[in-house]
Amino acid sequence: MSTPLEKWVQQQAKLTKPNDIYWCDGSELEAHRLIEIGMKKEKIEQHNVFHELSHKNWPNSYLHRSHPTDVARTEQLTFVCQADKETSGPNNNWMDTKQAKEKLTKLTDGCMRGRTMYVLPYMMGHPDSPYAKACVQLTDVSYVAVSMRIMTRMGKKVVEQIGARDDFVRGIHSLGDFDVNRRFIMHFPDENLVWSIGSGYGGNALLGKKCFSLRIASWLGYQEGWLAEHMVIIGIEDPQGKITYVTAALPSACGKTNLAMLQSTLPGYKVWTLGDDIAWLNIGPDGRLYAINPEVGLFGVAPGTSMKTNPNMVRTLKTAGFYPTLFTNTALDVDANEPWWEGMDGPVPKNVVDWQGKSWNSSLDTKAAHPNSRFTVSIYNSPTLSKEFDNPNGVPISAILLGGRRTQLIPLVTEAYDWQHGVFLGARTGSETTAAAAHQVGVLRREPMAMTPFCGYNMGDYFGHWLNISRKLTQPPKIFAVNWFRVDDDGRFIWPGFGENIRVLKWIIDRVNGRVGAQQTPIGLIPHIKDLELEGLNIAKGNLEKLFEIDPQAWQAELQDIETFFSQFGRHMPSEIWQQYKSLGTNLR
Ligand code: SAT
Ligand code: MN
């Protein structure tokens with residue numbers, strides 16, 4: 001008798017028609033076998049799926065070049081197929097479930113002909129965690145199999161854990177033919193199913209990541225009383241050795257990985273890494289909010305990563321770990337056979353080919369590495385890994401940071417008066433777009449809790465869910481809005497960012513621990529400048545004021561834009577959020 005899992009795999013094989021089926025066991029030997037296959041047998045366009053890099057400075061590292069039309073998430077081709085359009089909300093593309101499945105079935109029929117179907121059994125979360133979920137993804141490319149093995153807890157134990165159960169999370173993935181007209185990333189939240197065809201890139205293809213752990217998990221959390229969030233998890237150790245755990249939501253490519261690995265510039269302070277992208281937040285038995293990171297890998301933006309900006313990340317990438325490290329769409333230093341990207345330490349190498357494998361030099365006005373080029377590396381390689389990382393219960397959260405990329409208007413840090421106000425600060429967050437998704441870069445859009453592309457249901461209901469969560473918390477975390485990206489009159493960033501962000505984190509944990517006061521403003525609480533540790537920083541006084549400036553005039557346009565955004569959600573928008581909106585308007589007047 002076959003299990004529901006075996007039956008499902010057989011059914012999908014009948015549809016996709018692969019040459020063979022390979023069940024991954026998660027072993028080290030297997031990872032090398034998959035890389036060999038990717039180097040010798042599988043191709044995307046004219047390139048092999050993997051190119052072995054020199055292991056001298058970058059141990060166990062391989063370069064992957066994606067299809068040139070397939071370099072970022074594609075939000076316009078991403079659908080959340082809830083039972084009806086209203087449940088998906090104006091924040092998602094929607095298609096009727098039956099129609100969506102018919103479309104996908106047609107595209108999937110025979111899509112793995114001549115290829116191998118890899119069966120990837122994996123856990124999101126520690127297998128002993130009450131919050132973990134067992135999942136299985138099918139794919140037809142070694143790159144996705146190896147990436148999932150770095151990013152998740154993958155292995156044959158998960159098959160045993162699933163046993164005869166039918167409630168495992170399903171993911172069907174195929175590269176298809178890369179035709180953007182036949183590319184779809186579709187979610188069926190009521191069936192725990194993700195179906196993705198036509199893309200091999202990041203969040204479009206590693207279905208445990210955004211697709212399951214955010215879009216589907218946010219819907220599970222809505223029904224079950226927890227939150228699936230696009231957040232970093234860190235522990236901040238102070239000079240007394242006390243560790244305060246915080247999470248931070250920032251949109252894609254706004255520095256989450258840098259924050260997660262932050263190297264403190266303040267003596268005595270240290271940041272411990274628990275996650276750089278996704279946090280599942282549950283109410284623990286003591287009524288506090290606990291965070292786990294369902295992933296075990298880092299999928300970070302390569303350009304700009306250096307010993308200056310993120311030394312712990314460079315160390316992580318240069319650590320010889322148990323898992324291979326992948327570089328996707330970076331440039332290649334041909335003579336050294338090493339990855340290269342804009343912003344790397346040292347001089348530009350003499351002989352560079354760009355992310356597409358074309359000859360490149362710095363006089364060209366193109367980038368050598370794609371702006372959304374990435375590394376995929378095990379979190380266990382990180383020298384700053386928290387000793388609580390594998391704690392199945394997670395860590396208790398004292399503060400939540402909600403941020404965006406705003407060159408104007410928004411102060412460096414604002415503390416919410418209470419949880420309700422904090423949810424409003426998150427809901428009204430705007431951010432200037434980045435290269436992490438295929439759209440115009442630098443356009444302001446609303447990014448509530450950094451979840452715009454990832455909330456698997458109506459965002460109005462999502463705000464309501466956030467408000468409800470606190471009613472069950474004995475000690476709700478304090479909520480802060482952050483913005484590292486404000487610029488001066490010459491367009492230069494005022495705040496140095498990176499390791500210096502510890503100065504903002506210090507103020508935040510001082511507030512959490514009741515060590516300092518704060519100033520009231522129309523938009524929330526901001527620091528007294530005397531409480532900010534600024535020694536050794538070189539910021540002109542006028543600019544320092546600008547970092548915290550609140551210009552009621554400039555806020556008028558912002559209020560308008562927030563109102564337009566909120567109005568879309570109609571009756572789903574909680575009245576508490578509208579009340580907060582009205583108070584903000586009054587305060588600014
Ligand atoms: O491409 S991913 O969705 O995995 C990364 C990101 O956009 O945050
Ligand atoms: Mn992300």
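How many nonpolar, polar and charged residues does the shell around ligand 1 have? This predicted model counts local features at pLDDT of at least 70 and side-chain atom pairs at pLDDT 80 or more, while totals for chains, interfaces and linings use all residues. Residues are numbered from 1 along each chain as written, chains are lettered from A and ligands numbered from 1 in written order, and side-chain values use heavy atoms, without hydrogens and water.

**View 1. The shell around ligand 1.** The shell comprises 2 nonpolar, 3 polar and 4 charged residues, Gly being classed as polar. Ligand 1 is surrounded by R73, G202, G203, K209, K210, S252, F299, R374 and A436, each with a heavy atom within 4 Å. Helices α7 (202-205) and α8 (208-224) each supply at least two of the shell residues; helices are DSSP runs of H or I with at least four residues, and strands are runs of E with at least two.

View 2. Oxygen atoms of ligand 1 lie 2.8 Å from a side-chain N or O atom of R73, 3.0 Å from a backbone N or O atom of G203 and 2.8 Å from a polar side-chain atom of K210. The protein covers 98% of the 250 Å² accessible area that ligand 1 has on its own (Shrake-Rupley method, 1.4 Å probe).

**View 3. The manganese ion (ligand 2).** K210 (NZ), H230 (NE2) and D277 (OD) coordinate the ion at 2.0 to 2.2 Å; donors are N, O and S atoms within 2.8 Å of the metal, or 3.2 Å for Na, K and Ca. Along the chain, the donors follow the spacing K-x19-H-x46-D. K210 in helix α8 and H230 in the loop between β13 (227-229) and β14 (231-237) are 20 residues apart.

Technical notes:
Polar contact = N/O pair within 3.5 Å; in protein donor to acceptor, adjacent residues only side chain to side chain.
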